[in-house]
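Student: I have the sequence and the coordinates open. Can we walk through them together, one question at a time?

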Amino acid sequence: LLLPLLLMGALALASWWLVRTAPQPVRNSAPTTVSDQPDYTLQGFSVQQFDGSGALRSQMWGDQARHYPVRDVLEVDGLRTRSVGATGTVTTAHAQRGISNSDSSEVQLWGDAEVRRSDGAARQPDLVLQGEFFHAWTQQERVRSHLPVVITRGGNRWTGDSLDYDHLTQQLTLQGKVRGVLQPRSAR
């Protein structure tokens with residue numbers, strides 16, 4: 001009759017002893033610092049993005065890419081991109097260097113940058129933006145530059161010292177020394 005009671009007491013005493021003699025968890029006293037060095041790099045790469053139905057939506061190629069975890073940005077040397085909009089609009093871009101945030105909603109193009117937008121269904125000539133720097137917000141379809149730009153559409157050409165382009169409202173603002181050459185429409 002006393003045997004179960006003695007076994008329970010021995011187990012309780014053994015449990016108490018194990019808790020008292022078990023080592024304490026190691027606590028890291030030094031704060032963790034995240035390095036400003038890239039956590040990964042890519043060489044000669046391409047990335048494709050597809051929508052839910054499996055259609056190709058965007059592609060990106062580059063000579064070299066570096067991801068910086070502190071800022072959560074991707075820097076790409078020799079950047080080339082191609083994206084297809086919901087209406088079939090194709091936008092291509094290339095630059096010597098590109099910087100993008102983690103979800104590609106904000107992109108900067110540096111060095112001999114060009115953005116080309118082709119509206120195939122609208123039968124409009126391509127809109128081409130050229131300059132040394134462009135800052136684009138892809139979800140709002142906005143592009144800005146504080147450096148000189150050249151814009152061409154068909155035979156028409158405009159230049160300016162800075163650019164603010166909003167594709168959704170179809171407003172393009174050039175500032176500074178603005179010059180334009182408009183070609184007459186051909187008679188049909």
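Tutor: Start with a side chain. Phe-133 has a relative accessible area of 6%. Buried means under 20%, exposed over 50% and partly exposed in between, with a 1.4 Å probe and protein chains only. Therefore Phe-133 is buried. A caution: this is a predicted model, where local features need pLDDT of at least 70, side-chain atom pairs count only at pLDDT 80 or more, and totals for chains, interfaces and linings use all residues. Residues are numbered from 1 along each chain as its sequence is written, and side-chain values use heavy atoms, leaving out hydrogens and water.

Student: How many aromatic pairs does a search of the whole structure find?

Tutor: Rings of Phe, Tyr and Trp (its six-membered ring) pair if their centres lie within 6.5 Å. Searching the whole structure on that basis gives 1 aromatic pair.

Student: Are the rings of Trp-110 and Phe-133 stacked, edge-to-face or tilted?

Tutor: Their centres are 4.4 Å apart and their planes are at 55°. Planes under 30 degrees apart count as stacked, over 60 as edge-to-face and the rest as tilted. So the pair is tilted.

Student: Which strands does the pair link?

Tutor: The two residues are 23 apart, and the pair links distant parts of the chain. Strands here are DSSP runs (E, at least two residues), and helices are H or I runs of at least four, both numbered from the N terminus. Trp-110 sits in strand β5 (residues 106-118), and Phe-133 in strand β6 (residues 127-137).

Student: Is Trp-110 buried, exposed or partly exposed?

Tutor: Its relative accessible area is 32%. That makes Trp-110 partly exposed.

Student: Is the protein chain a compact globule or more spread out?

Tutor: The protein chain has 1 helix and 12 strands. Its radius of gyration, taken over C-alpha atoms, is 29 Å.

Student: What box do the C-alpha atoms fill?

Tutor: The box is taken along the principal axes. Its size is roughly 115 × 40 × 30 Å.

Student: Which residues is Gln-175 in contact with, leaving aside its neighbours within four places in sequence?

Tutor: Gln-175 lies in strand β11 (residues 171-175). At 49% relative accessibility, Gln-175 counts as partly exposed. Contact means heavy atoms within 4.5 Å. With those neighbours set aside, the partners are Gly-160, Asp-161 and Ser-162.

Conventions
Rg over C-alpha atoms; globule rule 2.2 N^0.38 Å.
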